[in-house]
Amino acid sequence: MKKLFQSLAVILMKEFFRLCAGLRIDWKRVIFVGALMTTAGVILQMFLLTDPLDMWPLSLPIAHVSDESLSSIRSLNQTFSEERVKRLQLISTDVPIIPANSSLKLNISVPAMPDIGPVPKGRSRRRNKGGSVDNMPKVLPPPDPPRIHVPYRLQKFIWSLKPNEALVYAKKEIDHAPEVVDDPDLYAPVFQNMSVFKRSYELMELILKVYIYREGSKPIFHVPHLNGIYASEGWFMRFMESNKQFVTRDPEKAHLFYLPYSMRQLELKLYVPGSHQIKPLAIFLRDYVNMIARKYPFWNRTHGSDHFLVACHDWGPYTLTQHEELANNTIKALCNADTSEGVFVAGKDVSLPETTIKNPRVPLRNIGGLRVSQRPLLAFFAGYMHGRVRPRLLKYWRDKHEDMKIYGPLPSRISRKMSYIHHMKSSKFCICPMGYEVNSPRIIESIYYECVPVIIADNFPPPLSDVLDWSKFSVNVAEKDIPKLREILLAIPMRRYMAMQTNVKMVKRHFLWNRSPIRYDLFHMILHSIWLSRLNQIQIPES
């Protein structure tokens, strides 16, 4: 069939040239007329059509687009009426289902993988008897959910606004967010208000621009630390500095300013082991901010309130105290989010998830869990005896019940039979007590292994609690109630536990560090919380 069409095309071309052979054609005039018609077509679509020509056939049939409202776009929220819980549970990778007649345009481009440095040297992975490398199934990140197309006139309107005007516009839009009944990419039970989050997130994608200061010498600045329990600050830096959607080189267009230092690198570079003195680290940051304030007008314009930092080290809050505006005004994304110490302010600052990354090349390794029927343990904890809470936990519950495995460091005789990860995957509840500081990597580990986290840390707002409803997928136990721990867990009905465990599975995608950022993943969720904190500073003028 293919050869038949080729032969027919050749015959038709020969016949065309034979008929034109005896005619004199002014090819210059033909080419000029063709170019003129093409130019006229482009100009026509720029001024008369709602959307660019390459997008218009795929966009929604919108009768009227208002520059002052996104309501016309939000009609997409009503187009999906699938059975949410049943469908999402069947799709392990959270693949969005797009109806055949949907006008959503899928982004099928493959983003470039970030360079994460050389692979650490070590022993090669052992092969089993069958010759395959490891028996651990590969965990692939979920596909990037499609972005909703924004009309061209609305984009032009947003681009015409000054940074503060755009923030006022965004806050008004969020305050009047339309109700979202169902959404193919978000799971409503884990959010405080999915409608508000969805509108805010879409506006962030449309509006937000971040300026990154280039000042600062390596490795303290611009060199992310990608492994260990403080990896969150490094992965955020990596993705922020390589981002093209949100980063701007023009500070006059920026809504936020990023101070790109690594608290972990600052400790490795400046702290003298055994000195117990972190004041030199605080003085270093004070001098850096003073230099930024002298060189640029942006810090002094808002006294640092539109600047943000991301620090996951326990010392993060304490190294800010030598500069009053740095400590009090900036938006601080901190793992050590202790509200009792006066540095972290709930509602203004961001509680940063503490994630343990053992191999930066495989950040998603081992994640996933077992069914409820395969979780015989009621609760599990193993760890060093740091701080005031963990010794009390062992005092009351170590070796007390067969279905509560409460240890200090996991004994080797136990780990040889059942690893730490297997314990978490075999437990209904994973105990996450604070150590020296309020946060613990066990909270996110529990979510990775689909174990309901039990948080024991007073004065600690859980990560991303500005948008996520942690009561739907975790248990919060006051430190004074440690003696009642078993009673509290057994009092949870099985139906409620099943719902919580399902919610853990659904919320997991929002805490993943993917090799490249994906919508609604941890990078975007942290950035959204920073964006939301900036919006909370905006006062809408009375009309």
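Which side chain does a polar contact of 2.9 Å join to that of His 524? It is the side chain of Asp 521, where a polar contact is a pair of N or O atoms within 3.5 Å; within protein, one must be able to donate a hydrogen and the other to accept it, and residues adjacent in sequence count only if both atoms are side-chain atoms.

Good morning, colleagues. What I present is a predicted model, in which local features need pLDDT of at least 70 and side-chain atom pairs count only at pLDDT 80 or more, while totals for chains, interfaces and linings use all residues. Residues are numbered from 1 along each chain as its sequence is written, and side-chain values use heavy atoms, with hydrogens and water left out.

Let me stay with the histidine. His 524 lies in helix α18, residues 522–536; helices (H or I, at least four residues) and strands (E, at least two) are DSSP runs, numbered from the N terminus. Its relative accessibility is 4%, so His 524 counts as buried, a word that here means under 20% relative accessible area, with exposed being over 50% and partly exposed in between (1.4 Å probe, protein chains only). Setting aside neighbours within four places in sequence, His 524 is in contact (heavy atoms within 4.5 Å) with Tyr 201, Met 204, Phe 246, Pro 517, Ile 518 and Arg 519.

I turn now to the cysteines. A disulfide is a covalent bond between the sulfur atoms of two cysteines. In this analysis the criterion is a pair of cysteine sulfur atoms within 2.5 Å, and the count comes to 2 disulfides.

One of them joins Cys 312 to Cys 335, with an S to S distance of 2.1 Å. This pair links distant parts of the chain, 23 residues apart: Cys 312 sits in the loop between β3 (307–311) and α11 (324–328), and Cys 335 in the loop between β4 (331–334) and β5 (350–351). The torsion about their S-S bond is about -85°, so the disulfide of Cys 312 and Cys 335 is left-handed. Both Cys 312 and Cys 335 are buried.

Another disulfide joins Cys 430 to Cys 451, S to S 2.2 Å. Here Cys 430 belongs to strand β8 (residues 427–433), whereas Cys 451 is in the loop between α15 (442–448) and β9 (452–456), 21 residues apart. With a torsion of about 115°, the disulfide of Cys 430 and Cys 451 is right-handed. Cys 430 counts as buried because its relative accessibility is 1%, and Cys 451 does so at 0%.
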